[in-house]
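Good morning, and thank you for coming. I would like to take you through the surroundings of the ligand, and then through the aromatic contacts.

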Amino acid sequence: MELIVARNREGLLKARTGGEVALVPTMGALHEGHRSLIRLARTRADQVVVSIFVNPLQFGPTEDFSRYPRTFDADLEVCRAEGVDVVFHPSAEDIYLPDRQVSVHSGRMGEIVEGAARPGHFDGVLTVVLKLFNLVQPHVAIFGQKDAQQLAMIRRMVADLDVPVEIVGAPTVREPDGLALSSRNRYLTAEDRQVALALSRALHKGAAEPTPSRIRAAAREILDAAGPRLFVDYLVLVDPATFAEVGESHAGPAVLAVAATVGTTRLIDNVTLTLNPA
Ligand code: AMP
């Protein structure tokens, strides 16, 4: 089957075949992490739609919207190679009406952890994701655990607003040395890339410990040893569904999440671990 490229909503309507649809929302600059989501989508539906849209609404005024990598031709090749059926690549003008008023409010959960560091970010994410759901009307949508709070917030939105779509989370794909794949890794110099390894190492070290205080301390120790080019934004151990910090007596799954700036590049990473009852 030929890959269909839909550059606006009319194109998307024409591309519909009537079977079950799996949607993989992305901002492009596709890498192995995105490929793994596409492969998972393939197993879940008749038609796989990949959206490629750098969403201005989810970037703050001082963030990297204008320099975010845009590699559309290479992305099309990746989609072709992975057997994607439709690439939806709209313009911002096609997505957002000039007189738009209404958007999704991410609530208290959108203001903590990553949301505290990036005010308005999750409102922007949820607004575009809900619009993509309405435009594509997928049966299932695939999101990476790499953006753990985003995944939790999308599950929250789908539950709170009764959005008729199944949300599937996919594991984080890493480089052999542990660095989580990210479109932003291409900003890193060779030296910065070495410094950035502290994130995955800290998570790995923390996850081997038995209690919340020891997990946090072990991870913090690795981050503190990484030198002055690593600026830690947050290191938290949180409930995977609410992103509230877990207490010392917490049992069950928890997410150890970190955000840090290396040079001028902001990176996030996380691992899920299970705490045993004391
Ligand atoms: P992005 O293009 O960065 O907005 O990411 C699009 C989707 O790919 C999101 O659901 C991300 O969580 C997911 N993703 C990004 N990096 C990875 C990775 N290393 N492994 C798995 N999924 C990823």
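Please bear in mind that this is a predicted model. Strand 2 (21-26), helix 2 (32-42) and strand 5 (140-144) each contribute at least two residues to the shell around the ligand. Helix 2 provides the largest share, with three residues. In total, 17 residues surround the ligand, and M27, G144, D147, V173 and L181 are the closest.

Let me turn to individual contacts with oxygen atoms of the ligand. A backbone N or O atom of G144 lies 2.8 Å from one such oxygen atom, and for a backbone N or O atom of M27 the distance is 2.9 Å. H34 contributes a polar side-chain atom, at 2.9 Å from an oxygen atom of the ligand. On its own the ligand has 490 Å² of accessible area, of which the protein covers 92%.

I now come to the aromatic residues, where the count is four pairs. F53 and Y96 form a tilted pair, 6.3 Å centre to centre, with 50 degrees between the planes. F53 lies in the loop between strand 3 (47-52) and helix 3 (72-81), and Y96 in the loop between helix 4 (92-95) and helix 5 (114-117), so the pair ties together parts 43 residues apart in sequence. F53 is buried, at 7% relative accessibility, and Y96 is buried at 10%.

Finally, F59, F65 and Y68 form one aromatic cluster, and R70 lies over the face of F65, at 4.9 Å from the ring centre.

Conventions:
Residues numbered from 1 in each chain as written. Predicted model: local features only at pLDDT ≥ 70, side-chain atom pairs only at ≥ 80, totals over all residues. Heavy atoms only, no water. Near = heavy atom within 4 Å. Polar contact = N/O pair within 3.5 Å; in protein donor to acceptor, adjacent residues only side chain to side chain. Areas by Shrake-Rupley, 256 points an atom, 1.4 Å probe, with all protein chains shown as cover. Helix = DSSP H or I, 4+ residues; strand = E, 2+ residues; numbered from the N terminus. Phe/Tyr/Trp six-rings, centres within 6.5 Å; stacked < 30°, edge-to-face > 60°. Buried < 20%, exposed > 50% of the residue type's maximum accessible area, 1.4 Å probe, protein only. Lys NZ or Arg CZ within 6 Å of the ring centre and 35° of its normal.
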